[in-house]
Amino acid sequence: MNLKRTNPALYFLQRIGFYLLVAIITIYLMVPFLWAVLTSFRKSGDLFLQPLQFIFAPSTINNYRDVFANENFIHGLGYSLLVAVGAVAISLLFGSFAAYALGRFRFKGKSMIMYIILAVSVFPQIAVLGGLFTLIRNFNMYNNPLALVFSYLIFTIPFTVWVLTSFVRDIPGELEEAALVDGASPLRTLFSVLFPVMMPALVTTGLLAFINAWNEYLFALTFMGTRRTVPVVIANYSGATQFDQPWGQIMAASIVVTVPLIILVLVFQRNIVSGLTAGAVKG
């Protein structure tokens with residue numbers, strides 16, 4: 001039944017309600033980010049102005065200059081990039097092998113392994129913090145970026161395995177059979193046949209894991225001393241005195257850290273959508 005023809009007034013009200021709801025949700029989500037952007041272009045004294053005066057106050061890029069002049073922030077960006085890329089690369093490599101085995105082969109205990117992986121992925125970080133800190137100190141890895149790479153694998157590998165396994169299950173088995181008939185080994189089949197098909201899921205899991213590793217704070221604060229990642233650097237921003245909080249610089253640094261993630265999401269949005277919806281409905 002076409003509601004637009006049978007009851008135009010009700011259809012019109014529904015459309016208004018729908019767009020009104022979308023507008024409310026958009027405003028609710030965007031206002032904090034836009035306010036942070038606005039704050040990053042304001043002087044410290046402007047933060048105490050009334051909202052309208054604050055909005056129309058003169059803009060300045062001094063906060064961004066101060067941020068990029070801060071060596072700790074630049075080093076933090078480098079450490080965050082190194083740790084996040086390293087953790088994601090290892091997670092995708094081992095996660096792909098594990099997902100291939102769990103999604104293609106039948107063996108005893110497979111369901112239990114999947115439940116354990118799910119349980120580990122939702123385990124709170126604070127619960128394993130003490131044990132990890134002891135291991136890292138015993139292996140002399142404190143203040144070493146490798147400590148963060150291996151500690152981040154605790155939540156990136158389970159997430160990668162869980163998502164990729166559901167995707168591998170829905171890949172037609174005929175692809176592997178054709179590759180095996182042509183004489184390809186299981187490893188060659190995985191890299192040459194399945195990996196190209198799994199690309200949307202790999203991009204999705206890799207990007208989401210990268211965002212989690214990039215924004216992680218607790219492990220970075222605990223396991224690093226002087227080689228701090230960028231979330232810890234931003235959290236420890238201080239002004240000229242102990243009573244001065246440089247909110248403008250903090251917001252500018254936060255925007256600099258967030259913009260690359262937004263660009264990545266926009267570039268790979270099609271892969272993300274297809275990767276998240278893959279396996280949701282069986283054909």
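What volume does the second largest pocket have? The second largest pocket has a volume of about 150 Å³. This is a predicted model, where local features need pLDDT of at least 70, side-chain atom pairs count only at pLDDT 80 or more, and totals for chains, interfaces and linings use all residues. Residues are numbered from 1 along each chain as its sequence is written, and side-chain values use heavy atoms, without hydrogens and water.

**Stop 1: the second largest pocket**

Select S121, Q125, F155, T156, F159, A209, N212 and E216, which line this pocket. A pocket is an open set of points on a 1 Å grid over the protein atoms alone, where a 1.4 Å probe fits, with protein on both sides within 12 Å along at least five of seven lines; lining residues have an atom within 4 Å of a point. Volume is the space filled by probe spheres set on the points, which are joined across faces, edges and corners. Helix 8 gives the most to this lining, with three residues. Helices are DSSP runs (H or I, at least four residues), numbered from the N terminus.

**Stop 2: helix 6 against helix 8**

Now select helix 6 (residues 110–121). From helix 6, M114, I117, L118, V120 and S121 meet I154, P158, F159, V161, W162, T165 and R169 in helix 8; contact means heavy atoms within 4.5 Å.

**Stop 3: the largest pocket**

Select N70, N72, H75, Y79, G225, T226, R227, R228, V233, N236, Y237 and S238 to show the lining of the largest pocket. Its volume is about 210 Å³. Helix 5 (residues 71–104) gives the most to this lining, with three residues.

Terms used: Helix = DSSP H or I, 4+ residues; strand = E, 2+ residues; numbered from the N terminus. Axes fitted to C-alpha atoms, helices over the stretch in contact; angles between N-to-C directions.
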